[in-house]
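Here are my notes on this one, as numbered points. Have the viewer open while you read.

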Amino acid sequence: STMASGMLFAFSLAMFAGAFLAGYLPLSISISPARMRMLTVFGAGILIGAALNVIIPEGLHMWAAALEQLEEAQEQGTGHPHGEHEGHHEGHHEHSENWQIGTALSVGFAFMLVVDRLSGDFGHSHTSAPAAPLSEEPTKSEKNQSAMLGLLVHAAVDGVALGATLFAGMSEASWIVFLAIMMHKAPAAFGLTTYLMQATDNTRVVRSQLFLFSIAAPVGAFVTYYGMYAELFGYDPRTLALVMLFSGGTFLYVATAHILPDIMHATGRLTWTETGLNALGTILPMFLNVPHGH
């Protein structure tokens, strides 16, 4: 719809601007590492909250609706009255279909695990201290490139959830996903620039990498939205639900297995303030996700 594509443009513009500006900050001002950590921990909380409260439940809801839709289509196709094999159908679906839900979530999680592994352990430090390079590591520029590639995949996959919610016409959900991406993107862009400034003195390189990072999530959102629109991913209404669940899995990975361990690695454990902020971030999307009449 025109409204959804309008929102897609607006969100994409905001995501780009937000990430780019946040990434520009370290070039001009210095923020204390402690403040930075607090922001990052809160952002990680929002990601978890968005996944658990919005993306995954919406994905499940879409899955159920898609199955119903398919079932109705089958009924019309075979011309059987609805009551005749109601029980038979229910039982059949319980087993044959629902494994895909867990698979989509797990694949999302595992996918990011592999991306992180391929892109080197460090490269987008969420704390300001870079890891000590090991002697047998690839050269710095190679490492930077693979790290950058990993970052771009991260960012693009973030956009997938946004494209999917917008395409499904869930404007409330897409607002929350957008918020989660923004809260996570800003510290990530900030961390990226801080890291790159330690790795290279060339501001042009820093700027171009920041540009790539900032544009990745909007690209992910566009590809998902228009891919669904052009039915590149097939006609099945279940596809959209699975894409949502996949991106839920990626959000959970990024927050719990990536950002938080990075921060804990630096200091051993979270402070109570950070723990509070993280919990607050996790709960916040629950209040934002106003129940809508289904």
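**Packing notes**

1. Start at Phe251: beyond its neighbours within four places in sequence, Phe251 is in contact with Leu47, Ala50, Ala51, Ile55, Asp158, Ala161, Val177, Ala180 and Ile181 (contact being heavy atoms within 4.5 Å).

2. Ground rules before going on. This is a predicted model, where local features need pLDDT of at least 70 and side-chain atom pairs count only at pLDDT 80 or more, while totals for chains, interfaces and linings use all residues. Residues are numbered from 1 along each chain as its sequence is written, and side-chain values use heavy atoms, with hydrogens and water left out.

3. Phe251 also turns up in the largest nonpolar core, which has 52 residues; Leu47, Leu162, Leu166, Val177 and Phe251 touch the most other members. A core here is a set of buried Ala, Val, Leu, Ile, Met, Phe, Trp, Tyr and Cys residues joined through side-chain atoms within 4.5 Å; buried is under 20% relative accessible area, exposed over 50%, partly exposed in between (1.4 Å probe, protein chains only). Two or more residues each come from helices H1 (2-28), H2 (33-78), H4 (99-118), H5 (140-167), H6 (171-199), H7 and H8 (237-267), with H2 giving the largest share, 14 residues. Helices are DSSP runs (H or I, at least four residues), numbered from the N terminus.

4. On to rings: the whole structure has 14 aromatic pairs (ring centres of Phe, Tyr and Trp, the last by its six-membered ring, within 6.5 Å; planes under 30 degrees apart are stacked, over 60 edge-to-face, the rest tilted). Phe9 and Phe222 are edge-to-face because their planes sit at 80°, with centres 5.0 Å apart. That pair links H1 to H7 across 213 residues. Phe222 is partly exposed, at 22% relative accessible area.

5. For a local counterpart, see Trp175 and Phe178 in H6, 3 residues apart, about one turn of the helix. Their planes are also at 80°, so this pair is edge-to-face, with centres 6.0 Å apart. Phe178 is buried, its relative accessible area being 11%.

6. Finally, the surface. Phe211, Leu212, Ile215, Val219 and Val223 make a nonpolar patch with about 400 Å² of accessible area together (Shrake-Rupley, 1.4 Å probe, only the protein chains shown counting as cover for residues). Patch residues have over 30% relative accessible area and no salt bridge, with nonpolar side chains (Val, Leu, Ile, Met, Phe, Trp, Tyr) joined within 5 Å and like charges within 9 Å; a salt bridge is a Lys or Arg side-chain nitrogen within 4 Å of an Asp or Glu carboxyl oxygen. Val219, in H7 (residues 203-229), is partly exposed at 44%.
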